[in-house]
Every structure is written in C-alpha cells, then in structure tokens.
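Q: I would like to learn how to read local features from a model. Can we go through some cases, one by one?

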Amino acid sequence: MIKEVKKIILISFPVLIFSVFLHVYHDGNIIKLSNVQSVIAIFALSLIILDKTSFKTNKNAFGLYLFITVCFISCFFSDNIFSSIKRFFIVFIPFLMIFQTYLNINSVKEVKESIEKYFIYFVIFLVIYALTIFLFDYFSSYGIRSHEISKSDFYKFGQIYYTRKDLFGSSNALLNQQIDIYRPSSLLSNTIGFSHLVLLAIYMNHFKENSNRLIKFILYFIFIITLFWTFSRINILILMLVPFLIFLTKYKKYFIYFLIGKFFLFFLLLILQIQNQAENLFFFDTINPGNYTDRFEIYKVTLLSFEDYIFKGVGFGQGSENFLMKKYPSLPSFYENQSLAIPSVPLTIFVETGFLGLFFYILLIPLVIKNNNYFYKKSVMSIFMILIIIQLTQYFDISLFRFHPLTFIFAIYLGIGCNKNSKFNA
C-alpha cells in the first residue's frame, strides 16, 4: 500500500508541486496556502517519496554537490547569517530530497514518461480554464479589466489579466491608437509563470514517444497558440531557439561548448546594452521589449560593483537585502517603495555566491551531459532539453533556486539526468 502511494506521488510530483502554489480566484477573492503552509506541504511531499536508496550518491552529481556547498559557504559571508542559512535550508533541503530520490529510482523511464503525461494533462486543464474564463469575461457586461480579479459568470471563477501595451511600437500608424492586449499573466497563481508551464509542455509533447501523431499535432497547435497568447517575449524567443538546440545535439562537444558559451554571450550583451543605453541597440528596438530601461539600471549597478562580491558573494538568498539595498541610493527614483531583486538567475547567483557559485552553476548541465553516454537517444536527450529550457527562462527571471515550483521541477529532471539507469532502450 505504502509503495503504491509513493509511486503515485513520484509520477504526479510536478503536478502536486504546482498545486501547492496555486492561487484559485473565486468570487473576487484569492484562495491559497500561506507561505508557511506551502513550505510544510513541499517538505511533507519530499519526505513521503524518500527511502533508504535516496541517500546513495552518484559521481554524475558531483557538480551539483559542489554548487550547493558553495551556496552554503556563502551564507557565512552574509550580513545576516541566520536569514541566509534559513533560506538555504528552505530551498535546498527539499531540493536535495527530490533530486536524490529521482537520482536513485530504478524504473526511471516509466516514471519520466508518466510525469510528462500527467504534466501535459495539467497544462491542458490550465489552458482550457484560461480560455473558458476569458470567453465568459469577454462577453460579459463588465468587460476585461487588467490587474483585477475577474468575477465571471462561470461559477464565479476568475483570473487576473495584465496588458501588453502597444506591443508593436510606440504608436500604431493605421489605427492611430494604443493597442492593449489582455493576457492571463499567471492564471491560477501569480507565483507560477503560465508561459513557463506551456513552454515545458510543448517540448514534453515534442519528445513524447509512441504517441498518436494526430493528438501530438493538436497539442502542438493548442500549446503554441496559448504561448503566443501569453505574449511572454522571452519564452516565445526560447521556443524559436530550441529547434536550433535540437539540431546542435547531434554534435555533443559543440553542444556543450554552446551551453557554456551562452553565459558569456549573456554577460556580453548586457555590457553592450548598458554601454549603449542612451542609444538603444537595434535588436532591442526591433523586438520592443517594453519598459526595460529600469531593469538594465539594476544590471548596470550589479556588473559595475562586482568587486563587492566576486570572491565571497553577499550570502545565498540575500541579493536584495545585502547588496541592492546598499546600492539603493544610486538607483533611479522608479525603484522607490519597490521590493527589489535582480531579475536574472545567473547575475543573482554571481552576486550571492561569487565567482565559484557562478562557475559551478554554468557547469551543472554540461558536466552531466559529458558523462552521459546515451545522450544521443531522443528519450534521454529530452531530459536535458527540459533542463536547458528551464535554465534559459531564467536569464530574465528569478525563479530557479528560490522556493518556487520551477526549482523542484529542475531537481526532478536533474536527478533523472544523473540517474545511472537513464539509458532508455540502450
């Protein structure tokens, strides 16, 4: 009985994780778990799937162990050691329990396929929910309003919409008016990025084996249309980039070089953009990413102050408190009364853990790929593509290695990727 319960939880773990973070909008109110309740729920789920085999280590995971060790050491360089250590344990204790469990399971292929099947079902539910509420809101007498909880005629369920103002330029010459595009920013939760979930579902569907071609095509169509509806420019860009990555996987050595090189490219583009901020680069003018200047002000302060944290960091989880608040007087007035964070995981890791933390973060996926002799198999490659997609979404986001569902999805797939049984149909 206990084994059966554990198996059910193992294969439905991503859905359960996201369910913990759900914010259900009903009758104009938000129904959700508190922060403390969410932490307890994630720890409880992680403990349930843990068994004696979960404590076995694996040489493929050596890079991750080093990264976590550096994060822990950085806590002792924090101005608030207690706060830093508390955040470290809240993030990495469940992360390690989840990672170690999936690192050591025997039926890894069966578990992986079931995980992806139920995850796709879950995203289909969210898409149907989003569209249903949108249609009820659109045809109601109230209309659609942004930044408010909608209260539809559909059993009083709702969602929150945000706008993409004038997506195609500063003015529209044909209509001579601003275009407001309403999109479900986060659907059932403002912790979960809806576009992230849809993007992951697209590639889970792509790599899914032995599935009906017609159903696969229909899901492609639904998910891609939905992703464009979210108007998440970074994730749409990633959607267009990943076919190139799939082609590059034929050449393992060059693929690894690319994974390492993309970090240096990211930092180079940031430096170029910061230097040309007064005369915006043509690329940024073309895609019109909106009000991004304020974000680059934080990037600028971060990169120009690297001597403050390059060797020891400012402490895990303390990028805002230990670093940005000290730099607050040098930031534009836009940031007054705002909760500050560096909206980029690589930059945040650099600030919080120093050069060593960033170094091991860069090598996390390349080291595992290098040690996997079955990487070329489609079912194995799909593991690393999901990891890379999650990592790509974090260049302009700050979800990974925080108490966030994407952190624990990353732990699952990293554990499966390091699992010695990940040689499907070898």
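Q: Where is phenylalanine 231 placed?
A: This is a predicted model. Phenylalanine 231 lies in the loop between helix 8 (213–230) and helix 9 (233–248). Its phi is near 55°, a positive value in a residue other than glycine.

Q: What is phi of histidine 147, and where is the residue found?
A: Phi of histidine 147 is near 65°, again positive in a residue other than glycine. Histidine 147 belongs to the loop between helix 6 (108–138) and strand 3 (161–165).

Q: Does burial get judged from relative accessibility, and is histidine 147 buried or exposed?
A: Buried means under 20% relative accessible area, and exposed means over 50%. Histidine 147 counts as exposed because its relative accessibility is 53%.

Q: Is threonine 302 buried or exposed?
A: Threonine 302 has 0% relative accessibility, so it counts as buried. This threonine sits in helix 12 (residues 293–304).

Q: Which residues does threonine 302 touch, not counting those up to four places away in sequence?
A: A contact means heavy atoms within 4.5 Å. Threonine 302 touches Tyr309, Phe323, Ile342, Leu347 and Val351 on that count. Take isoleucine 342 from that set. It is 40 residues from threonine 302 along the chain, and their C-alpha atoms are separated by 8.3 Å.

Q: Is glutamate 352 buried or exposed?
A: Glutamate 352 counts as buried because its relative accessibility is 3%. Its place is in helix 14 (residues 345–371).

Q: What is glutamate 352 in contact with, leaving aside neighbours within four places in sequence?
A: Its contacts include Ser74, Lys312 and Arg402. Gly313, Val314, Gly315, Phe316, Gly317, Gln318 and Gly319 are also in contact with glutamate 352.

Q: How many salt bridges does a search of the whole structure find?
A: A salt bridge pairs a side-chain nitrogen of Lys or Arg with a carboxyl oxygen of Asp or Glu, within 4 Å. The search finds 7.

Q: How far apart are the closest N and O atoms of lysine 7 and glutamate 110?
A: They are 3.0 Å apart, and the two residues form a salt bridge. Lysine 7 is in helix 1 (residues 2–11) and glutamate 110 in helix 6, so the pair ties together parts 103 residues apart in sequence. Lysine 7 is partly exposed, with a relative accessible area of 38%. Glutamate 110 is also partly exposed, at 40% relative accessibility.

Q: Which parts of the chain does the pair of aspartate 27 and lysine 151 link?
A: Their side chains meet in a salt bridge, 2.9 Å from N to O. Aspartate 27 is in the loop between strand 1 (24–26) and strand 2 (29–31), while lysine 151 is in the loop between helix 6 and strand 3. These distant parts are 124 residues apart. Aspartate 27 counts as partly exposed at 30% relative accessibility, and lysine 151 is partly exposed at 46%.

Q: What is the N to O distance for aspartate 308 and lysine 327?
A: It is 2.8 Å, in a salt bridge between the two side chains. Aspartate 308 lies in the loop between helix 12 and helix 13 (319–327), and lysine 327 lies in helix 13, 19 residues apart. At 35% relative accessibility, aspartate 308 counts as partly exposed.

Methods:
Residues are numbered from 1 along each chain as its sequence is written. This is a predicted model: local features need pLDDT of at least 70, side-chain atom pairs count only at pLDDT 80 or more; totals for chains, interfaces and linings use all residues. Side-chain values use heavy atoms; hydrogens and water are left out. Helices (H or I, at least four residues) and strands (E, at least two) are DSSP runs, numbered from the N terminus. Buried means under 20% relative accessible area, exposed over 50%, partly exposed in between (1.4 Å probe, protein chains only).
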